[in-house]
Amino acid sequence: MSTPSSFCPELVGCLSQGAAGNPTVVMVEAAFKHHGINGRYINMEVPPENLADAVKGVRATGYKGFNLSMPHKVAVIPLLDGLGESASVIGAVNCVVRRGDKLIGENTDGKGFLRSLTDITDPKGKTVVLFGAGGAARAVAVELALAGVGRFILVNRTASRGQELLDTLLKLKCRAELVVWNGDFTLPPETDIVINGTSIGLYDAEARLPLDIQSLKAGQIVADVVFSPPVTRLLRDAQARGCKTLDGLSMLVNQGVLGVHYWTDVMPDAGVMHRALAAAMGV
Ligand code: NDP
């Protein structure tokens, strides 16, 4: 990207269905400002029926790339020129990068989670219990599989969705099994890492994940993809049991870090982005 001496800023977009008040705008623009990048991150509200036209518009106007939120993460795939490895396995794109005249789809959700996790542990060979099998859980699972997790225990309410993720992991030659979630789940004693990849807890600090809290052990790592509130009931319970915790806010920051790196070649300061995001969210 160009330096601040250029008059016209380079543009990156965010195509979402409910665009108003997206705090990631503040986070990405804080990184641009901190690193002297003459860029703007523009939020655009795009209804599903207009996605194809929006992508054409982004191509025509020379944007460096864009993020996507649901429901566009899957629908965008046929509109792109290619996919990165994990986006292709996950089957969803949250970050598009212009490479020459091509728009390439990447998935930075799982990579962002992995970056946060590797700050506290190496997932290689570990036993992971993952709740959920939706978009976020798929992204996290595929990235952890590529990082060499030893065994996955997938726990999902809907068997068919859980089975799809199980099939994906088995294709990647992982050791994995599926438990259909029915009542409180008891963690097997060999569990190293517990991840809530569901939306339970989103905007509800008291929402309870159906999990036998007594089966949490001191020293285990407990992560939540939910970023609002950043400290979910699961994380509070896990802290009280002596577990190490990882919140969804750091995953959100790290997916943003990777996006800025893709678009600008600058590896931005995660602390600057974290502080800007937390301030924008009032947490
Ligand atoms: P999806 O709708 O694709 O998946 C939701 C998942 O949650 C499914 O597995 C669903 O199970 C499960 N679920 C929801 N409610 C319940 C319940 N009451 N009981 C049991 N299971 C339930 O959503 P996403 O995967 O896109 O998003 C999940 C969360 O991840 C959201 O809170 C989102 O904000 C967060 N997220 C965080 C990111 C970050 O950077 N921190 C990035 C992306 C997402 P079932 O299959 O049975 O319906």
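How do the residues of the shell around the ligand divide into nonpolar, polar and charged? The shell comprises 10 nonpolar, nine polar and three charged residues, where Ala, Val, Leu, Ile, Met, Phe, Trp, Tyr, Cys and Pro count as nonpolar, Asp, Glu, Lys and Arg as charged, and the others, Gly among them, as polar. The model is predicted, so that local features require pLDDT of at least 70 and side-chain atom pairs pLDDT 80 or more, whereas totals for chains, interfaces and linings use all residues. Residues are numbered from 1 along each chain as its sequence is written, and side-chain values use heavy atoms, without hydrogens and water.

Among the 22 residues around the ligand (a heavy atom within 4 Å), Ala 136, Asn 156, Arg 157, Thr 158 and Gly 248 come nearest. Helix H9 (248–264) and H6 each supply at least two residues of this shell, and H9 contributes its largest share, three residues. Helices (H or I, at least four residues) and strands (E, at least two) are DSSP runs numbered from the N terminus.

Polar contacts are pairs of N or O atoms within 3.5 Å; within protein, one atom must be able to donate a hydrogen and the other to accept it, and residues adjacent in sequence count only if both atoms are side-chain atoms. A ligand oxygen lies 2.5 Å from an N or O atom in the side chain of Thr 158. An oxygen atom of the ligand is also 2.9 Å from a polar backbone atom of Ala 133, and a ligand nitrogen is 2.9 Å from a polar backbone atom of Gly 248. Of the 920 Å² of accessible area that the ligand has on its own, the protein covers 79% (Shrake-Rupley method, 1.4 Å probe; for residues, only the protein chains shown count as cover).

Thr 158 is situated in the loop between E8 and H7. With a relative accessible area of 37%, Thr 158 is partly exposed, a class lying between buried (under 20%) and exposed (over 50%), for a 1.4 Å probe and protein chains only.

Beyond four places in sequence, Leu 169 touches Ala 141, Ala 145, Phe 152, Leu 154, Cys 174 and Ala 176 (heavy atoms within 4.5 Å).
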